[in-house]
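Please look over the notes on this model below. They take the salt bridges, then the pocket, then the surface and the overall layout.

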Amino acid sequence: MKKLESSLTNMALVLTGVAVIMGGILAFVNHLTEGPINEQKTKALADGIKSVMVCNDLVVAKTDTVKQNDAKGKELTYIIYQIQDAQKKDLGAAVESTTGGFGGDLKVLVGFNPEGKIIGYTLLEHAETPGLGAKADKWFQKGEKGDIIGKDPAEPLTVSKDGGQVDAITASTITSRAFLLAINNAYKAYKATPADAATGATEQNKEE
């Protein structure tokens, strides 16, 4: 086979061919992994709902989407999972809320009882400095230094440095502020949930 001449045109053709092949391989790998990743996210969300609602045998009776503007006018989207127990008794709701933290977006899932008090929370995603995310997932839990469980965000939760009653994570006031803002916003979205929003019931069983 005749050897290709070493020219700018031939080099460009070779590089283009390599890029196309690599792009095809990456697309194929992405297609293979997309399903398992989505399944993992779905399971993580189901487990998270059980955790923040402190109940294993529950039903997501209704899923609402609420859009609200933050203090800077940016539109934010919240997903509210209205929860019932096995006897169809209203337990409140689990709310997905995202804010900007120190290193990037911080996504929180927080559970509220029907009166609006916090039952539990968990971090779904974060881009904080390694270690800070893990601290935030524990720091504000029941019995910990920044305990917010049982509190009512009708009076917005703020860190003690800003005149509030919640102790910030040591040396991480920015992450603490972002976390509490996500909680406060989740509460507002929960209280603003439209009564006639579209629903989609999904049962969360004890064993999955």
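1. R177 and D162 form a salt bridge, with their closest N and O atoms 2.8 Å apart. A salt bridge here is a side-chain nitrogen of Lys or Arg within 4 Å of a carboxyl oxygen of Asp or Glu. The pair links distant parts of the chain: R177 sits in helix α3, and D162 in the loop between α2 (132–139) and α3, 15 residues apart. R177 is partly exposed at 36% relative accessibility. D162 is also partly exposed, with a relative accessible area of 43%. Buried means under 20% relative accessible area, exposed over 50%, and partly exposed in between (1.4 Å probe, protein chains only).

2. A word on the basis. This is a predicted model: local features need pLDDT of at least 70, side-chain atom pairs count only at pLDDT 80 or more, and totals for chains, interfaces and linings use all residues. Residues are numbered from 1 along each chain as its sequence is written, and side-chain values use heavy atoms, with hydrogens and water left out.

3. By the salt-bridge rule, the count is four. Which residues are linked in a network of salt bridges? They are E96, K107 and E125. The side chains of K107 and E96 meet at 3.9 Å, N to O. K107 lies in strand β4 (residues 105–112) and E96 in strand β3, so this pair ties together parts that are 11 residues apart in sequence. E96 is buried, at 11% relative accessibility. K107 is partly exposed, with a relative accessible area of 21%.

4. E125 also forms a salt bridge with K107, and the closest N and O atoms are 3.9 Å apart. E125 belongs to strand β5 (residues 118–126) and K107 to β4, so the pair ties together parts that are 18 residues apart in sequence. E125 is partly exposed, with a relative accessible area of 42%.

5. Next, the largest pocket. It holds about 330 Å³ of space. A pocket is an open set of points on a 1 Å grid over the protein atoms alone, where a 1.4 Å probe fits, with protein on both sides within 12 Å along at least five of seven lines; lining residues have an atom within 4 Å of a point. The volume is the space filled by probe spheres set on the points, which are joined across faces, edges and corners.

6. What lines the largest pocket? Its lining includes D70, K72, T98, D105, L181 and N185. β3 (90–100) and α3 (173–191) each supply at least two lining residues. The lining divides into four nonpolar, four polar and four charged residues. Ala, Val, Leu, Ile, Met, Phe, Trp, Tyr, Cys and Pro count as nonpolar, Asp, Glu, Lys and Arg as charged, and the others, Gly among them, as polar.

7. V14, V18, I21, M22 and I25 make a nonpolar surface patch of about 450 Å². Patch residues have over 30% relative accessible area and no salt bridge, and nonpolar side chains (Val, Leu, Ile, Met, Phe, Trp, Tyr) are joined within 5 Å. Areas come from the Shrake-Rupley method with a 1.4 Å probe. V14 lies in helix α1 (residues 8–53). V14 is partly exposed, at 45% relative accessibility.

8. Finally, the layout. The protein has three helices and six strands. Helices (H or I, at least four residues) and strands (E, at least two) are DSSP runs, numbered from the N terminus. From that end, the order is α-β-β-β-β-β-α-α-β. Of the 208 residues, 37% count as buried.

Key:
Patches are made of residues with over 30% relative accessible area and no salt bridge: like charges are joined within 9 Å, nonpolar side chains (Val, Leu, Ile, Met, Phe, Trp, Tyr) within 5 Å.
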